[in-house]
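Take a look at the model below. We will walk through it step by step.

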Protein chains: 2
Amino acid sequence: MTTHLTDLVTSIAQRARTASFSLAVASTASKNSALDALSELIIRDSDKILEANQKDLAGAKEAGLSMAQIDRLTLNPVRISKLAQSVKDVALLPDPVGEVLEKWNQPNGLLFKKVRVPIGVIAVIFESRPNVTIDCAVLCLKSGNAAILRGGKEIFNTNLVLADIITEAFKSVSGIPADAVQLIPTSDRAALNALLKLNTLIHCVIPRGGESLIRFVTENSTIPVIKHYNGVCFVYCDKTADMKMAQAIVINAKTHRPGVCNAAEQLLIHKDILEQFLPQVAAALVDKSVELRCDKSCATVLSKLGIKHSLAQLADYTTEFLDLTLAVRVVDSTSEAIKIINRDSSGHTETIVTSSEADARLFQSCVDSAVVLWNASTRFNDGFEFGYGAEIGISTDRLHARGPVGLRELCSHKFIIDGQGQVRS
Amino acid sequence: MTTHLTDLVTSIAQRARTASFSLAVASTASKNSALDALSELIIRDSDKILEANQKDLAGAKEAGLSMAQIDRLTLNPVRISKLAQSVKDVALLPDPVGEVLEKWNQPNGLLFKKVRVPIGVIAVIFESRPNVTIDCAVLCLKSGNAAILRGGKEIFNTNLVLADIITEAFKSVSGIPADAVQLIPTSDRAALNALLKLNTLIHCVIPRGGESLIRFVTENSTIPVIKHYNGVCFVYCDKTADMKMAQAIVINAKTHRPGVCNAAEQLLIHKDILEQFLPQVAAALVDKSVELRCDKSCATVLSKLGIKHSLAQLADYTTEFLDLTLAVRVVDSTSEAIKIINRDSSGHTETIVTSSEADARLFQSCVDSAVVLWNASTRFNDGFEFGYGAEIGISTDRLHARGPVGLRELCSHKFIIDGQGQVRS
């Protein structure tokens with residue numbers, strides 16, 4: 001059985017590798033035609049997609065999944081039409097492939113060019129949302145990569161139909177190989193394990209899902225992984241912060257979409273503004289149903305005013321709540337805030353609210369996180385907000401990609417060197 | 001014992017992580033002063049270094065290492081003085097840290113800057129050459145990274161002395177932490193295994209050594225690895241090649257330094273020039289003691305002229321000989337050459353010799369290798385030849401770094417975003 005699965009995924013990976021050579025030199029026009037064709041087929045076949053999705057939803061209800069989980073699996077006509085539009089939007093983005101990133105001459109007359117090229121074959125391992133299937137297929141195609149998709153078992157039927165539609169659309173365009181996007185047609189864990197060892201055929205693995213999925217992939221893959229771990233994001237309100245601005249940023253960072261990785265989980269307040277700022281912001285947060293977990297100094301201030309809160313446990317200071325919960329601490333200085341953040345944050349996104357440019361620059365240079373903002377919400381660590389047009393995730397890695405992973409981050413580079421017969425002496 | 005080793009390497013990694021925060025903001029002047037101090041101490045303590053090296057050499061002889069292996073371990077006054085000079089040379093290179101790589105505004109007024117920063121903590125696992133210890137320490141320092149070095153047991157004593165000298169030099173400079181470079185003081189494999197799992201403290205592992213070391217690290221590390229695998233490099237002589245140029249390039253690529261990764265191992269010749277070109281180049285190669293392993297067509301041509309050769313086995317076409325051996329094949333076209341290279345090469349370095357720009361551009365765009373040259377020797381895939389001033393190796397990866405890994409490739413980036421109170425709606 002395991003041998004059979006190994007053969008299956010190996011054969012898929014071999015076909016992907018072959019497809020990757022044509023995709024690397026596919027014209028922008030062909031890639032965009034393929035995307036337009038896909039967008040149209042998604043609309044044409046929406047009944048078929050919805051039917052398969054109903055099957056998955058029935059299974060999910062039977063399996064006792066929560067309403068929130070089931071909502072993530074669900075497609076409906078509105079979501080399908082949005083999906084079709086998102087495919088068209090990617091067609092409009094600039095093609096990242098072929099751009100000359102650097103160009104220089106050496107004294108011996110050699111001309112060097114560093115040119116952006118696709119990575120090659122990318123495997124995406126994801127959980128339940130069916131739009132991820134289309135997203136990944138589309139971003140990989142536009143960036144010239146062959147894609148191998150392995151979705152969660154909860155949306156198995158939906159994914160089978162989507163994969164058929166993708167293949168039909170792509171192979172209708174000359175220059176785009178039918179194997180540009182392939183789905184692993186089984187949710188057996190053994191197939192995933194075998195896939196993660198194919199490091200001569202697959203060049204990059206992107207797990208999209210919860211921490212345990214990412215950890216599993218990292219521990220079992222011999223292929224390089226682009227990871228999208230937790231966001232334990234901090235807002236630090238400095239003593240010179242404009243308090244109205246600080247409050248708006250805290251409220252936005254915490255409550256705009258509490259379940260996502262760039263939401264704030266931690267609030268640090270400079271001691272000089274604690275008495276004045278904490279009551280305002282705490283009242284506004286409580287008003288938005290946020291649960292406050294405070295250190296002793298903050299708790300003392302809030303207790304005096306009868307503002308609802310609890311005492312934080314140590315673990316709260318490093319927790320990604322993904323919920324309407326916020327840990328709150330007082331700090332003595334920007335330097336102390338930096339120290340705490342570099343110790344307790346996950347290195348995803350942090351922001352300082354201050355009127356002092358010196359404090360802002362100190363914070364931005366010393367905080368070791370992917371994105372460090374001054375006077376703006378943590379919610380801006382996002383591919384669309386960066387102007388990338390689309391993203392496949394937000395990398396918490398330091399190699400290759402850090403922060404939003406858009407089309408350019410799905411690419412590698414190669415060096416093209418032109419000579420006139422130079423040899424090395 | 002294993003617990004003890006795990007504690008040991010964890011404590012080293014924790015100190016490295018702490019050091020990395022100061023190193024990330026260390027001034028260029030401090031880093032250069034530390035390098036100058038190191039260069040001086042290497043000369044001052046050369047007797048001590050040579051004494052320790054003698055101990056290692058005695059052990060190596062006892063262990064029955066070959067003369068070539070022993071030569072790789074050996075330091076002498078000339079090599080030490082070159083080593084001291086190489087440290088000074090790195091001080092003269094531009095500091096990669098802090099450079100603004102991109103800068104743009106979004107319509108909402110946010111100002112984005114992508115800034116180059118160190119990776120953080122880098123572990124380098126290497127084998128026998130003692131100059132690697134200094135090289136890695138110096139390149140990591142200049143790029144603002146904390147380094148953990150784990151050298152081979154054959155140069156254990158030399159490395160202990162070098163590590164002491166590095167620490168003495170670095171800690172003499174204000175702003176450079178004493179833990180900037182640390183040596184793992186044991187060659188126990190269990191310590192390496194424990195090290196490779198510390199992915200929250202160490203951000204990148206660079207194995208420098210043979211294929212089996214790299215494979216071991218790749219299979220056992222949960223930390224991202226920058227790999228320097230084999231070079232099965234091709235020279236393709238097209239039908240319009242200037243034959244004198246082609247011959248010079250083949251000779252240089254094969255014989256200039258046959259034991260290195262950017263040496264040519266494979267020669268492809270267009271059928272139209274086979275009869276004319278092969279005898280010339282083959283005679284010249286045989287003259288340089290190169291063993292030719294040929295396909296049938298090439299063998300037929302050479303047999304007629306009595307030029308020494310043998311028939312190639314299938315495995316020869318994908319072998320990195322690292323020796324004066326060359327596999328030789330005939331091809332029908334540039335397209336066939338591309339197909340063979342994308343199947344049989346290791347994706348390191350390939351070159352086309354041709355007078356046709358169309359063939360050159362086809363070759364350079366379709367060959368999926370890190371460096372693709374036109375009318376120049378494969379030996380130019382090298383950090384110094386690229387003008388990087390120094391390199392820690394040549395990456396065969398596609399993520400992060402591909403090709404020579406210089407100071408800039410030892411860096412990551414972060415995003416600095418300046419706002420005026422923006423929140424996300």
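In what order do the strands of the open sheet of 10 strands stand? The order is β1(A)-β2(A)-β16(A)-β13(B)-β12(B)-β7(B)-β8(B)-β11(B)-β9(B)-β10(B), and the pairing is mixed. Strands here are DSSP runs of E with at least two residues, helices are runs of H or I with at least four, and both are numbered from the N terminus. Two strands pair if DSSP finds at least two bridges between them. Strands of a sheet pair through backbone hydrogen bonds, either parallel or antiparallel. At the edges stand β1 (100-105) of chain A and β10 (310-311) of chain B. Each has a single partner strand, so one side of each is left without a neighbour in the sheet.

Before going on, note what kind of model this is. It is a predicted model, in which local features need pLDDT of at least 70, side-chain atom pairs count only at pLDDT 80 or more, and totals for chains, interfaces and linings use all residues. Residues are numbered from 1 along each chain as its sequence is written, while chains are lettered from A and ligands numbered from 1 in the order in which they are written.

Start at the place where the sheet passes from one chain to the other. Five bridges join β16(A) to β13 (residues 371-376) of chain B, and these two strands run parallel. One pair to find is Asp418(A), whose bridge partner in β13(B) is Trp374(B). Now look at the other neighbour of β16(A). Eight bridges join strand β2 (residues 111-118) of chain A to β16(A), and this pair runs antiparallel. Here Leu111(A) stands opposite Asp418(A). β16(A) is mostly covered, with nine of its 12 residues buried. A residue is buried if 20 or more other C-beta atoms lie within 10 Å of its own, exposed if 12 or fewer, and partly exposed in between; the C-beta atoms are placed from the backbone.

Next, follow the sheet into chain B. Strand β7 (residues 233-237) of chain B is joined by five bridges to strand β8 (residues 264-270) of chain B, and the two run parallel. Val235(B) stands opposite Leu267(B), and Cys233(B) stands opposite Ala264(B). Five of the five residues of β7(B) are buried, so this strand is largely enclosed by the rest of the structure. Cys233(B), Val235(B) and Cys237(B) point one way, while Phe234(B) and Tyr236(B) point the other way.

How do the two chains relate? The same surface serves both copies: 100% of the contact residues of chain A recur in chain B.

The contact takes 58 residues from chain A and 58 residues from chain B. Residues are in contact if their C-beta atoms, placed from the backbone, lie within 7 Å. On the side of chain A that touches chain B, the largest share comes from β16(A), with 11 residues. By class, this side has 26 nonpolar, 22 polar and 10 charged residues. Ala, Val, Leu, Ile, Met, Phe, Trp, Tyr, Cys and Pro count as nonpolar, Asp, Glu, Lys and Arg as charged, and the others, Gly among them, as polar.

Most residues other than glycine have a negative phi. His400(A) has a positive phi of about 65 degrees although it is not a glycine. Asn375(B), in strand β13 of chain B, also has a positive phi, near 55 degrees. Asn375(B) counts as buried, with 22 C-beta neighbours inside 10 Å.

Finish with a helix. The 16 residues of α7 (residues 156-171) of chain A should span 22 Å at 1.5 Å a residue, and the end C-alpha atoms are 22 Å apart, which agrees. The expected span is 1.5 Å times one less than the number of residues. The buried residues of α7(A) include Leu162(A), Ile166(A) and Phe170(A). The buried residues of α7(A) pack against α2 (28-44), α3 (46-62), α6 (130-142) and β5 (181-183) of chain A.

How values were computed. Two residues are in contact if their C-beta atoms, placed from the backbone, lie within 7 Å.
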